Each structure stands twice: as C-alpha cells, then as structure tokens.
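Subject: Structure for you to look over

Hi,

Here is the structure I promised. Please open it next to this email; my notes follow below it.

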Amino acid sequence: MGRPMHESFIVKSFQGREALQQFARDIDALNLASARPNPYLSAGFLDCFARYNEYFPDSDEIRLYLVWEGDRLIGGLPLRQVADRFGPLRRYRLCFLAPFDIEQPGILCAPEHEERIAHAMVHHLRDKESH
C-alpha cells in the first residue's frame, strides 16, 4: 500500500479571532481559489461573525486550521470548539465557525486539493485534536 494521501501536508491550528485577522489575506485567497467562492467564508465575514455572535462570545473557542504543502498554504478550515454540558459532565466537539449563517460551510481550497486536504484534516482532527 502506498503513502497516505495526507502525509505530505502539515496541519497547524490557530486559536482566537487573532488568527482570523492574522491570516485574513490567506483566507480570502483560498476562498477565491475554491470551486465556489462564498462571501460568508471571507475573512471579513468570519471575523465579524466571531466578534458579534451572541451564541459564543468567547473568541478562544475559534479554531483556524491551515494546511501547508511544503512552504505553500493550500487549505484552511475555520471551526469553533463547543462545550456540551450534561450535568457535571462536559464534552467538547468541533463544528463549523458559522454553521447556520453559511450556505455551504467547508474547506477553503482550490478544487484540485479538496480530497487530499479533507483527508489531512480528518486525520489531524482524529489523531491530534480529539479529547
């Protein structure tokens, strides 16, 4: 069996609104390169949503996952971490940053990278981010 299709990628996680601001140009470039650019996945919208959303006012919940191939940024995924509370128990899960306000939330990348980046993200989230 060959090398896994995600092996050549490096996935890095960034936390908070500062990440959305720091990588704003990259987020917009990835959005424009996608098969279907979405104004609701622009850096400006995501930052504004994160800043003024009444449902999760803590920007520490924001997670921006960026995918590099060598030194080239080729993908991104804006998520947020949510704590579900069941009595004294607490469980964390990741969900799209703005799941109800975005027509088609998804990975920011060019169409030719979608499958490989999706694999890299799934493996990263499963192996490195699971609680």
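The largest nonpolar core has 16 residues. Leu20, Ile27, Leu64 and Leu66 make the most contacts inside it. A nonpolar core here is a set of buried Ala, Val, Leu, Ile, Met, Phe, Trp, Tyr and Cys residues joined through side-chain atoms within 4.5 Å. Buried means under 20% relative accessible area, exposed means over 50%, and partly exposed is in between (1.4 Å probe, protein chains only). Helix 1 (17–22), helix 2, helix 3 (43–52) and strand 2 each give two or more residues to this core. Strand 2 supplies the largest share, 4 residues. Another core, of 11 residues, lies apart from it; Leu77, Cys109, Ala120 and Met121 are among its members.

A word on what you are looking at. This is a predicted model, in which local features need pLDDT of at least 70, side-chain atom pairs count only at pLDDT 80 or more, and totals for chains, interfaces and linings use all residues. Residues are numbered from 1 along each chain as its sequence is written, and side-chain values use heavy atoms, with hydrogens and water left out.

Confidence comes next. pLDDT is the predictor's confidence in each residue, from 0 to 100. The chain has a mean of 84, and 85% of its residues reach 70 or more. Helix 2 (residues 24–33) has the highest confidence, at 96. Strand 4 (residues 89–96) has the lowest, at a mean of 78. Where pLDDT is low, the predicted coordinates should not be read in detail.

The overall layout:
- The chain has 4 helices and 5 strands. Helices (H or I, at least four residues) and strands (E, at least two) are DSSP runs, numbered from the N terminus.
- Along the sequence, the pattern is β-α-α-α-β-β-β-β-α.
- Of the 131 residues in the chain, 41% are buried.
- Of the contacts between residues at least 6 apart in sequence, 65% join residues at least 24 apart. Contact means heavy atoms within 4.5 Å.

Leucine 20 is then in contact with Ile27, Ala43, Leu46, Asp47, Ala50, Ile62, Leu64 and Leu97.

Helix 2 buries Ile27, Leu30 and Asn31. These residues sit on the same side of helix 2, because they cover an arc of only 100 degrees around the axis. The arc is that of the directions from the helix axis to the C-beta atoms. Arg25 and Leu32 are exposed, on the face turned away from the buried side of helix 2. The buried residues of helix 2 pack against helix 1, helix 3, strand 2, strand 3 and strand 5.

In helix 3, the buried residues are Ala43, Leu46, Asp47, Phe49 and Ala50. They fall within an arc of 160 degrees seen down the axis, so they line one face of helix 3. The face turned away carries the exposed residues Gly44, Arg51 and Tyr52. Cover for the buried residues of helix 3 includes helix 1, helix 2, strand 2 and strand 3. Cysteine 48 also lies in helix 3. Cysteine 48 is partly exposed, at 41% relative accessible area.

Helix 4 (residues 114–128) buries Ile117, Ala120, Met121 and His124. Those residues line one face of helix 4, since they fall within an arc of 100 degrees down its axis. They pack against strand 1 (9–15), strand 2 (62–69), strand 3 (72–86) and strand 5 (108–109). Glu115 and Val122 are exposed on the face turned away. Histidine 124 has a relative accessible area of 10%. Beyond its neighbours within four places in sequence, histidine 124 is in contact with Val11, Tyr65 and Glu129.

Last, glutamate 69 in strand 2. Glutamate 69 counts as partly exposed, at 23% relative accessibility. Leaving aside neighbours within four places in sequence, glutamate 69 is in contact with Ser8, Phe9, Ile74, His113 and Arg116. The C-alpha atoms of glutamate 69 and isoleucine 10 are separated by 6.5 Å, with the two residues 59 apart along the chain.

Best wishes

Technical notes
Expected span 1.5 Å × (residues − 1).
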